[in-house]
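Please open the model in a viewer and keep the selection panel at hand. The stops below may be taken in order.

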Amino acid sequence: MIAPNLLRRTTRGAVGISIVIIAWEAMVRLFGISDFLLPAPSSIAQRIIGDWRLLTQHLSITMLETILGFAAAVLVGVVVAIIVTTSERTKDVVMPIVIATQLIPKVAVAPLVLLWFGYGISSKVVVAFLIAFFPIVIDMATGLTMVEKELVDLLRSLGAKRWKVFVKAQIPHSLPFLFSGMRIAVTLAVIGAIVGEFIGGSQGIGYLIVISTSELKTDLVFACLMVLTAAGFVLFALIGFLERLVVPWSAAEREELMVITGM
């Protein structure tokens, strides 16, 4: 039942996107909207095909920045979440700092990051990390603290040390929460990389969008957005695939819930 349900939801998504594209194409042609203002999907597709080498070159840079920033966010986020959940004292000290990093607008911080790390790939990775970091910490910390009290008491009654409880109970329980945060974080990492390229980049999809806008190449701007969206979908799907490998019981439970609710 799970596989057919996944196929059904994928088909629905494809149908929804197809309807939007057809309506978009019809609206542009019906009202005679200029490609300068809103290019038709067919014009965007032609631009993607014609400039696929240029788009691929810049997309590869953006994806590298995204993946590195996302990986750093996962590693640091998991460590911080573990530190936060060790005791109330550490939580009171660390959490305000974590929240403050999230509240500061990243667009305002990006020029400083560029000043500190330069105009190369490092600054974009840092911006992607800063934007993707928060959901990892929150979701992982939630999973670590929401483990069933009965399970913890059982392990302790069997003589398990604190580290044993952490490894045997808290970590397995937190993994579904971690992957939930990772799905959010990977999309935010894409945004972070683009923000960094907007502020001061010489390559990447964000840089190409800025240049295309200044040259009034609206169809190329939309082509950049389309390939970036497609790449984001792939990253999101890869996280879901990884979740099925690492915590198959969690993915199976979610699919079964969707079947029951008719989603």
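A residue is called buried when its relative accessible area is under 20%, exposed when that area is over 50%, and partly exposed in between (1.4 Å probe, protein chains only). This is a predicted model, in which local features need pLDDT of at least 70 and side-chain atom pairs count only at pLDDT 80 or more, while totals for chains, interfaces and linings use all residues. Residues are numbered from 1 along each chain as its sequence is written, and side-chain values use heavy atoms, with hydrogens and water left out.

**The whole chain**

Begin with the protein chain in a cartoon view. Its secondary structure comprises 11 helices and zero strands; helices (H or I, at least four residues) and strands (E, at least two) are DSSP runs, numbered from the N terminus. Of the 263 residues of the protein chain, 39% count as buried. Contact here means heavy atoms within 4.5 Å. Among contacts between residues at least 6 apart in sequence, 73% join residues at least 24 apart.

**Thr 62 in helix H3**

Select residues 52-84, helix H3, and within this helix pick Thr 62. Is Thr 62 buried or exposed? Its relative accessibility is 0%, so Thr 62 counts as buried. Now display what surrounds it: not counting residues up to four places away in sequence, Thr 62 touches Ala 193, Ile 194, Glu 197, Gly 204, Ile 205, Gly 206 and Leu 228. A distance label can also be drawn from Thr 62 to Gly 196: these residues are 134 apart along the chain, and their C-alpha atoms are separated by 9.9 Å.

**Helix H6**

Next, select residues 121-145, helix H6. Its 25 residues should span 36 Å at 1.5 Å a residue, and the end C-alpha atoms are 36 Å apart, which agrees; the expected span is 1.5 Å times one less than the number of residues. Where does H6 bend? The bend, of about 35°, is at Ala 132, and Pro 135 follows within four residues. The bend at a residue is the angle between axes fitted to the seven residues ending there and the seven starting there. Colouring H6 by accessibility shows 18 of its 25 residues as buried, so the helix is largely enclosed by the rest of the structure.

Ile 121 counts as partly exposed because its relative accessibility is 31%. Leaving aside neighbours within four places in sequence, Ile 121 is in contact with Leu 64, Glu 65 and Leu 68.

**Gly 181 in helix H8**

Move to residues 162-200, helix H8, and select Gly 181. Gly 181 has a relative accessible area of 0% and is therefore buried. Its contacts, not counting residues up to four places away in sequence, are Pro 135, Ile 136 and Asp 139. Gly 77 is 104 residues from Gly 181 along the chain, and their C-alpha atoms are separated by 10.0 Å.

**Leu 216**

Finish at the loop between helix H9 (205-214) and helix H10 (218-246), where Leu 216 is placed. Leu 216 counts as exposed, at 56% relative accessibility. Most residues other than glycine have a negative phi. Phi of Leu 216 is near 60°, a positive value in a residue other than glycine.
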